[in-house]
Amino acid sequence: MVKLKKILKAEKGNEKPEEPFIIAGPCSVESYELMKKTAVFLKSIGIEYIRGGAFKPRTSPYSFQGLGEEGLEILKRIKEEYSIKVVTELLDIRDLESISNIADVLQIGSRNMFNYSLLKEVGKTKKTILLKRGMAATIEEWLSAAEYIAIEGNSDIILCERGIRTFENYTRNTLDLNCIPVIKQRTDLKVIVDPSHGTGIRELVKPMSLAAISAGADGLMIEMHPEPDNALSDACQSVNFEQFADIYHGVIKLYDCIMSEKY
Ligand code: PEP
Ligand code: MN
């Protein structure tokens, strides 16, 4: 087992919050109108965190790469106009300042989990860091990445399981829910699950959201779009508002049940 000093589990441990930590929104910031519709909807059901990438790490260099600076401006307006917290990905160290000025949570994506210089830099900030699991990272490697951030002084880290690569190719990735109880044994960091990237198939987002909460996840990050089939990225795994509301209500019920030990 790798050596952990900063993110080791404390003897008493942290109490689980009353509510699950939920982040939702489109894969990419596509337009002001999209983010506005999304923010209004999230606020109406009491969700405090909106997601959306301005800088997108795409497998093909010919796919939509995000709106960049314009996307950040949109997130800034949305945050001010709707008092909603913003989660967005930091892809490149050179954007740390501009993204930190807007984001409440800095997302480090799967492709950057092994980017130790980036991890060290975000460790010097006071932002909450959402550290996604590398698609081919072991749990130990992922925890070590979190330790890199914590060593620099920032232990405000949320881990996000987003599926790993296996021989199974029916789904986009294989959601490794084993990691949740393992992480809970090793550290007090919050761990949330992203069933959208974890499955790549919108019909699987609800069952895997419920499975994640049952396994002890502290929350979820879900890709949602008012017209999923027209999304500029990750259309197949995005749910619409109605589907999201259904997932959310199921999750809240299950989480309450677990919290009240009725389960
Ligand atoms: C995302 O959350 O949009 C994303 C790109 O995720 P990942 O880094 O897990 O692929
Ligand atoms: Mn995506």
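1. Starting with the inside of this predicted model: the largest nonpolar core has 69 residues, and the members that touch the most others are Leu42, Ile78, Leu131, Ile157, Leu159 and Phe244. Helix α9 is the top contributor, giving eight residues to this core.

2. Have a look at Ile157. Setting aside neighbours within four places in sequence, Ile157 is in contact with Ile7, Ile129, Leu131, Ala146, Ile149, Ala150, Leu189 and Lys190. There's also a second, separate core of ten residues, with Phe21, Ile23, Val87 and Leu130 among them.

3. Back to α9. This helix has 19 residues and spans 26 Å from first C-alpha to last, close to the 27 Å expected at 1.5 Å a residue. Its buried residues are Phe241, Phe244, Ala245, Ile247, Tyr248, Val251, Leu254 and Tyr255, and they pack against β1 (21–25), α1 (32–44), α8 (205–214) and β8.

4. The ends of α9 deserve a glance too. At the start, a side-chain oxygen of Asn240 comes within 3.1 Å of the backbone nitrogen of Glu242. Just after the helix, Glu261 has a positive phi of about 60°.

5. Now the metal. Which residues coordinate the manganese ion (ligand 2)? They are Cys27 (SG), His197 (NE2), Glu223 (OE) and Asp234 (OD), at 2.0 to 2.4 Å. Along the chain, these donors follow the spacing C-x169-H-x25-E-x10-D. Two of them, His197 and Asp234, link distant parts of the chain: His197 sits in helix α7 (residues 195–199), while Asp234 lies 37 residues apart from it, in the loop between β8 (219–223) and α9 (241–259). Both His197 and Asp234 are buried.

Methods. Residues are numbered from 1 along each chain as its sequence is written. Chains are lettered from A and ligands numbered from 1 in the order in which they are written. This is a predicted model: local features need pLDDT of at least 70, side-chain atom pairs count only at pLDDT 80 or more; totals for chains, interfaces and linings use all residues. Side-chain values use heavy atoms; hydrogens and water are left out. Donors are N, O and S atoms within 2.8 Å of the metal (3.2 Å for Na, K and Ca); water is not among the atoms, so sites may look incomplete. Helices (H or I, at least four residues) and strands (E, at least two) are DSSP runs, numbered from the N terminus. Buried means under 20% relative accessible area, exposed over 50%, partly exposed in between (1.4 Å probe, protein chains only). A nonpolar core is a set of buried Ala, Val, Leu, Ile, Met, Phe, Trp, Tyr and Cys residues joined through side-chain atoms within 4.5 Å. Contact means heavy atoms within 4.5 Å. The expected span of a helix is 1.5 Å times one less than its number of residues. A polar contact is a pair of N or O atoms within 3.5 Å; within protein, one must be able to donate a hydrogen and the other to accept it, and residues adjacent in sequence count only if both atoms are side-chain atoms.
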